[in-house]
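Good morning, colleagues. Please look at the sequence and the structure on the screen while I describe them.

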Amino acid sequence: MYVDQSDTNRGRGFYVEIQNEILFLVIYAYDDETGEAQIFTANSEIRDDAIDTGLTTTGHPPPNPEGYFPLHWMIGKLYKVTDGPCLTCDLPVSSLATEEVGDVAVFFPFVGQMQVSIVLDDDAGSLEAFAVKQNYKLGTNNTPGFYEGTSSLLLPEIMGQWVFIDQSNPERPPWRFHFDERVPELENDRNTQIVELPFSATYRDSRSGAEFRCDIKQGAEGEKLNGCELHQGGQVLFSANHFDIGPSRIRAFLGELPVYLNDPPLPAPEFWRGPEAVIGVRIETPPDLDSGP
């Protein structure tokens with residue numbers, strides 16, 4: 001379940017289901033004149049060959065074949081669904097109607113975020129929207145940009161148990177860490193923090209001595225890109241761009257974070273990943289979730 005993250009479009013949502021590499025999309029929105037609810041659907045095969053995002057925008061992120069692109073995406077026909085049964089009544093199934101209204105593409109550029117691109121038929125309108133995955137008790141995911149135009153950033157907490165898998169080497173045993181210490185300590189027990197920049201924190205596994213060191217700042221040439229590095233035994237095992245850190249999943253890559261370069265220039269920092277993927281999955285909820293609402 002994803003929701004439009006812009007303040008002007010609160011209430012518009014996107015439900016995504018993926019089964020056997022087929023993506024099914026449901027969009028709920030509202031008529032701009034009557035306010036009545038509208039339902040749209042689409043389905044198509046998930047692809048892995050997107051080297052750009054969006055159907056209508058002209059300022060695309062620069063392609064970065066070294067890890068970030070290609071992206072998961074789908075493109076298909078968009079249908080408007082009408083004349084179905086009401087919530088508490090039964091109507092004949094034959095009354096349900098679907099009408100083709102345009103084209104829709106869905107891209108997955110960051111962990112827990114997606115971009116929806118719609119072009120309606122007959123020049124009736126278009127849409128480019130980012131939507132953020134709803135994690136409910138785990139809190140919302142971080143947004144692709146600074147929080148509400150300020151020097152703050154929405155960032156999920158990392159405390160708890162994680163398993164990381166090296167996808168470039170199936171023979172490598174998984175890494176398992178329990179981050180039970182945070183320096184500095186948390187000021188509250190929320191699972192999603194609004195952090196002021198510059199932001200630095202170290203998450204420690206007291207048993208193994210591993211440290212997930214996060215450093216997020218405005219950045220300058222010669223400094224490392226914003227993100228986190230897993231240090232253990234005197235070396236950096238893997239790193240993650242801060243846009244790829246979610247409350248239940250982290251998309252990392254082997255080695256250290258790169259540095260800002262102007263000659264030759266790297267792609268924009270939010271569109272950088274190393275090519276050797278490491279996927280982290282949370283396997284235990286943070287402590288404050290165990291106590292209930």
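Which residues of the largest nonpolar core touch the most other members? Before I answer, two remarks on the source. This is a predicted model, in which local features need pLDDT of at least 70 and side-chain atom pairs count only at pLDDT 80 or more, while totals for chains, interfaces and linings use all residues. Residues are numbered from 1 along each chain as its sequence is written, and side-chain values use heavy atoms, with hydrogens and water left out.

Now the answer: in this core of 25 residues, they are F177, Y203, F212 and F238. A nonpolar core is a set of buried Ala, Val, Leu, Ile, Met, Phe, Trp, Tyr and Cys residues joined through side-chain atoms within 4.5 Å. Buried means under 20% relative accessible area, exposed over 50%, and partly exposed in between, with a 1.4 Å probe and protein chains only. At least two residues of this core come from each of strand 11 (160-166), strand 12, strand 15 (199-204), strand 16, strand 17 (227-232), strand 18 and strand 19 (249-254). A second, separate core has 21 residues, including V16, L78, A129 and A131. In soluble globular proteins, nonpolar side chains tend to be buried together.

The protein chain has one helix and 20 strands; helices (H or I, at least four residues) and strands (E, at least two) are DSSP runs, numbered from the N terminus. Of its 293 residues, 44% count as buried. Among contacts with a separation of 6 or more, 54% join residues 24 or more positions apart, where contact means heavy atoms within 4.5 Å. The chain exposes about 15600 Å², of which carbon and sulfur atoms supply 51%; this area comes from the Shrake-Rupley method with a 1.4 Å probe, and for residues only the protein chains shown count as cover.

I turn to the aromatic rings. Across the whole structure, a search finds 16 aromatic pairs. Rings of Phe, Tyr and Trp (its six-membered ring) pair if their centres lie within 6.5 Å; planes under 30 degrees apart count as stacked, over 60 as edge-to-face and the rest as tilted. W175 and F238 form a tilted pair, 5.2 Å centre to centre and with 45° between the planes. W175 belongs to strand 12 (residues 175-179) and F238 to strand 18 (residues 235-241), so this pair ties together parts that are 63 residues apart in sequence. Both W175 and F238 are buried.

The pair of F179 and F212 is stacked, at 5.9 Å centre to centre and 15° between the planes. Because F179 lies in strand 12 and F212 in strand 16 (residues 211-216), the pair ties together parts that are 33 residues apart in sequence. F179 counts as buried at 1% relative accessibility, and F212 is buried at 0%. Ring pairs join W162, F164, W175, F177, F179, F212 and F238 into a cluster. Setting aside residues up to four places away in sequence, F212 touches I158, F179, A201, T202, Y203, C228, E229, L230, F238 and I250.

What is the volume of the largest pocket? It is about 740 Å³. On a 1 Å grid over the protein atoms alone, a pocket is an open set of points where a 1.4 Å probe fits, with protein on both sides within 12 Å along at least five of seven lines; lining residues have an atom within 4 Å of a point. Grid points are joined across faces, edges and corners, and the volume is the space filled by probe spheres set on the points. Of the 27 lining residues, H72, F108, F110, V111 and R249 are the closest to the pocket centre.

Finally, the backbone. A cis peptide bond, with omega about 0°, joins F69 and P70, and P70 is in the loop between strand 5 (47-50) and strand 6. The peptide bond from V183 to P184 is also cis, with omega near -5°. E21, which is not a glycine, has a positive phi near 65°, and E21 is exposed, with a relative accessible area of 54%. D123 likewise has a positive phi, about 55°, and D123 is exposed at 81%. Most residues other than glycine have a negative phi, and most peptide bonds are trans.
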